[in-house]
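User: I've got a structure on screen and want a quick walk through it. Can you take my questions as they come?

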Amino acid sequence: MRILIVCLRRIGDVFVTTALARSFKQKWPDAIIDWVVYENTAFVLQNHPDASQVFTLPSRPRGGDMWRLILKIFMRYNLAFATQAGDRPAWIARVAAPRAYAQRSHARGSGFRNGILTQTVDPVGYVHATQQVLELAGLVDVPVYPESQPPRPDFRGFTLPLLPYVVIHPRAAVRYKQWTMEGWRALIGNMKEAGLNVACTGGSDTQETAYLDEVLGDLDVQRFDGQLSWPQLTALLSRAKAFVGIDTSVTHLAASVGTQTFAIFGPTDPRYWGPTPHSVEISDDALWQRRSPFQKRGN
């Protein structure tokens, strides 16, 4: 069984889609599962047990990029799945396999696009992102496995903090997802008083570095921002006593490795994007109930 998954979205979307790949592996343990993702999200599938080969596209692909991809995947698969309703992922799935499945598009003029697919599934209201993706598994009678799957951890090339330690991830790509600097500093101080070491993760861009410089200041925190691959980050999180982060992909990764995870959300609805714990039903809305009635000014 050869399967292609097309996920041309953001980092978090690719990561929750690993639950779909894991579901396929439960039914077809020897299946070869390949992926098509954007270049800036491919690292999520590095060293991943459910990714045999990863094809990438620029975030704004040109005609030549698409043709080169088509030549590599044309009718090489038994099944192909596009995890969103856009035309580009649907066409990629269509040319990759005789049986192609995708989210149904309700955009104007989408009848032909829907008609060329073997079968489509309607978006299921406002449900968790993982549950939405797993609707595709039902089209081929595959029981769902709702937990996102981390890559194989890689402990090489860096030194773990002294135990016990907590990992924090303070910065998001967009301001409205972030917490206050004062909140982070107070939290770190309380952790240190409790005898916990603190490690901080983040990206490598200069804006994030400057933000963490300001948040952490002279606090005794071991920084890993811009230093770890996704498998190394998995290793760091797997040994942590706890993780505290904002609404970002690293928070999902922390929950997936079984680390006790505290997610700080701004206006994004956690009922749709809350990190999925181990061994739970993702339809259980009580997992992500709001702790305050509305988003306050100043975040």
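User: What stands opposite V6 in β4?
Analyst: V6 faces A82 there. The two strands are β1 (residues 2–7) and β4 (residues 79–82), paired in the parallel sense over 4 bridges. Strands here are DSSP runs of E, at least two residues; helices are runs of H or I, at least four; both are numbered from the N terminus. Two strands pair if DSSP finds at least two bridges between them.

User: Is this model predicted or experimental, and how is it numbered?
Analyst: This is a predicted model: local features need pLDDT of at least 70, side-chain atom pairs count only at pLDDT 80 or more, and totals for chains, interfaces and linings use all residues. Residues are numbered from 1 along each chain as its sequence is written, and side-chain values use heavy atoms, with hydrogens and water left out.

User: Back to the strands. In what order do they form the sheet?
Analyst: The order is β3-β2-β1-β4-β5-β6. That is an open sheet of 6 strands, with parallel pairing.

User: Which strands stand at the edges?
Analyst: β3 (53–57) and β6 (119–121). Each has a single partner strand, so one side of each has no neighbour in the sheet. On average, neighbouring strands are turned by 15° against each other, direction ignored.

User: Which strands does helix α3 touch?
Analyst: Helix α3 (residues 87–96) packs on the sheet and touches β1, β2 (32–38), β3, β4 and β5 (99–103). Contact means heavy atoms within 4.5 Å. The direction of α3 makes about 180° with that of β4. Axes are lines fitted to C-alpha atoms, for helices over the stretch in contact, and angles run from 0 to 180 degrees between N-to-C directions.

User: And α5, what does that helix touch?
Analyst: Helix α5 (residues 129–138) also packs on the sheet. It touches β4, β5 and β6, and its direction makes about 155° with that of β5.

User: New topic. How many aromatic pairs?
Analyst: The count comes to 8. Rings of Phe, Tyr and Trp (its six-membered ring) pair if their centres lie within 6.5 Å; planes under 30 degrees apart count as stacked, over 60 as edge-to-face and the rest as tilted. Take F24 and W28: their ring centres are 6.2 Å apart and the planes stand at 35°, so that pair is tilted.

User: What about F24 and F81, how far apart are those ring centres?
Analyst: The centres are 4.8 Å apart. The planes are at 35°, so this pair is tilted. F24 lies in helix α1 (residues 11–27) and F81 in strand β4, so the pair ties together parts that are 57 residues apart in sequence.

User: Is F24 buried or exposed?
Analyst: F24 is buried, at 0% relative accessible area. F81 is buried too, with 0%. Buried means under 20% relative accessible area, exposed over 50%, partly exposed in between (1.4 Å probe, protein chains only).

User: Which residues make up the ring cluster?
Analyst: Ring pairs link F24, W28, F81 and Y101.

User: Switching to V54. Where is that residue, and what does it touch?
Analyst: V54 is in strand β3. Leaving out residues up to four places away in sequence, V54 touches W35, V37, A42 and L45. V54 is partly exposed, at 28% relative accessibility. V54 and L4 are 50 residues apart in sequence and 9.5 Å apart in space, C-alpha to C-alpha.

User: What is the phi of N47?
Analyst: Phi of N47 is positive, about 60°, although N47 is not a glycine. N47 sits in the loop between β2 and β3 and is partly exposed at 36%. M75 is another non-glycine residue with a positive phi, near 50°. M75 is in the loop between α2 (63–73) and β4, partly exposed at 40%.

User: Last one, the whole chain. How many helices and strands?
Analyst: The chain has 10 helices and 11 strands. Buried residues make up 52% of the 299 residues. The C-alpha atoms fill a box of roughly 60 × 45 × 35 Å along the principal axes.
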